[in-house]
Amino acid sequence: MKRSVRLWSLGLLAAAASIPALAQNNGEQVYKARCAMCHGQDGLATTAVAKMMSVPSFKSPAAKKMTAAQMIAATTDGKGKMPAFKGKLTAAQIEQVVGYIQKLQK
Ligand code: HEC
C-alpha cells in the first residue's frame, strides 16, 4: 500500500516536471498549426501562399525591429491581409507564439 502511494506521488512529480517543457513547445505547436501555412515553417515566407499574399519574412529588417508588443498586437488584431487571431487563440497562446517567432528571427 505504502509503496503504491509513493509510486503515485512520483508520477505526479514527473507530470509537474514536464509542464514547463510543454509550455515551451506550445508556441511552436501553435505556430505550426496556425501561422506556418502563410509565414512558412521557418518564418521566411518563401512558400507559394506567402508570395501570393506578400507575407513579409520575419527576418526582414522591419520585422526584426518589431517589439514583442507590436507582434502581439498584429497577431491579436490582424494586419493588412493577415487575419486577427483574437478569440481564436488565447492571449497566452499569442504571447507564446510570438516568443517562438522571436526564436525564428535569430
Ligand atoms: C492567411 C495568412 C496568414 C496567417 C495564417 C498568419 N499570417 Fe501573419 N501575416 C500575414 C500577412 C499577409 C502579413 C503582412 C501584413 C501587412 O503588413 O500587411 C502578416 C504579418 C504578420 C506580422 C507582422 C510582421 C511584419 O513584418 O509586419 C506578425 C507578427 C504576424 N504576421 C504573426 C502571425 C502569427 C503569430 C500567426 C499565427 C498565429 C500568423 N501571423 C498567421 C499573413 C498571415
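Q: What makes a run of residues count as a helix, and how are helices numbered?
A: A helix is a DSSP run of H or I with at least four residues, and the numbering starts from the N terminus. This model is predicted, and the protein in it holds five helices and zero strands. Read along the sequence, the pattern is α-α-α-α-α.

Q: Where is Ser 54 found?
A: Ser 54 is found in the loop between α2 and α3, the latter covering 61-65. Its phi is positive, about 40°, although Ser 54 is not a glycine.

Q: Why is Ser 54 called exposed?
A: The cut-off for exposed is over 50% relative accessible area. Ser 54 has 54% relative accessibility, so Ser 54 counts as exposed.

Q: What makes Ala 45 buried or exposed?
A: A residue is buried when its relative accessible area is under 20%. Ala 45 has 10%, and therefore Ala 45 is buried. Ala 45 lies in the loop between α1 (2-39) and α2 (48-52), and it too is not a glycine, yet has a positive phi of about 55°.

Q: How do you know that the span of α5 agrees with its number of residues?
A: The expected span is 1.5 Å times one less than the number of residues. For the 14 residues of α5 that should give 20 Å; the end C-alpha atoms are 20 Å apart, so the two values agree.

Q: Which residues of α5 are buried, and what makes them line one face of the helix?
A: They are Ile 94, Val 97, Val 98, Tyr 100, Ile 101 and Leu 104. Seen down the axis of α5, these buried residues fall within an arc of 155°, so they line one face of the helix. The face turned away from the buried side carries the exposed residues Ala 91, Glu 95 and Lys 103.

Q: How many aromatic pairs does the structure hold, and why is that of Tyr 31 and Tyr 100 called tilted?
A: The structure holds two aromatic pairs. The centres of the Tyr 31 and Tyr 100 rings are 5.4 Å apart, which is within the 6.5 Å limit for a pair. The angle between the planes is 55°; stacked needs under 30 degrees and edge-to-face over 60, so the pair counts as tilted. It links distant parts of the chain, with Tyr 31 in helix α1 and Tyr 100 in helix α5, 69 residues apart. Both Tyr 31 and Tyr 100 are buried, and together with Phe 58 they form one aromatic cluster.

Q: What lines the largest pocket?
A: The largest pocket holds about 560 Å³ of space. It is lined by 26 residues, and the closest to its centre are His 39, Val 55, Pro 56, Phe 58 and Met 82. At least two lining residues each come from α1, α3, α4 (68-77) and α5 (91-104), and α1 gives the largest share, six residues. By class, the lining divides into 18 nonpolar, five polar and three charged residues.

Key. Residues are numbered from 1 along each chain as its sequence is written. This is a predicted model: local features need pLDDT of at least 70, side-chain atom pairs count only at pLDDT 80 or more; totals for chains, interfaces and linings use all residues. Side-chain values use heavy atoms; hydrogens and water are left out. Buried means under 20% relative accessible area, exposed over 50%, partly exposed in between (1.4 Å probe, protein chains only). On a 1 Å grid over the protein atoms alone, a cavity is a set of points where a 1.4 Å probe fits but cannot get out, and a pocket is an open set with protein on both sides within 12 Å along at least five of seven lines; lining residues have an atom within 4 Å of a point. Grid points are joined across faces, edges and corners, and a volume is the space filled by probe spheres set on the points. Ala, Val, Leu, Ile, Met, Phe, Trp, Tyr, Cys and Pro count as nonpolar, Asp, Glu, Lys and Arg as charged, and the others, Gly among them, as polar. The arc is that of the directions from the helix axis to the C-beta atoms. Rings of Phe, Tyr and Trp (its six-membered ring) pair if their centres lie within 6.5 Å; planes under 30 degrees apart count as stacked, over 60 as edge-to-face and the rest as tilted.
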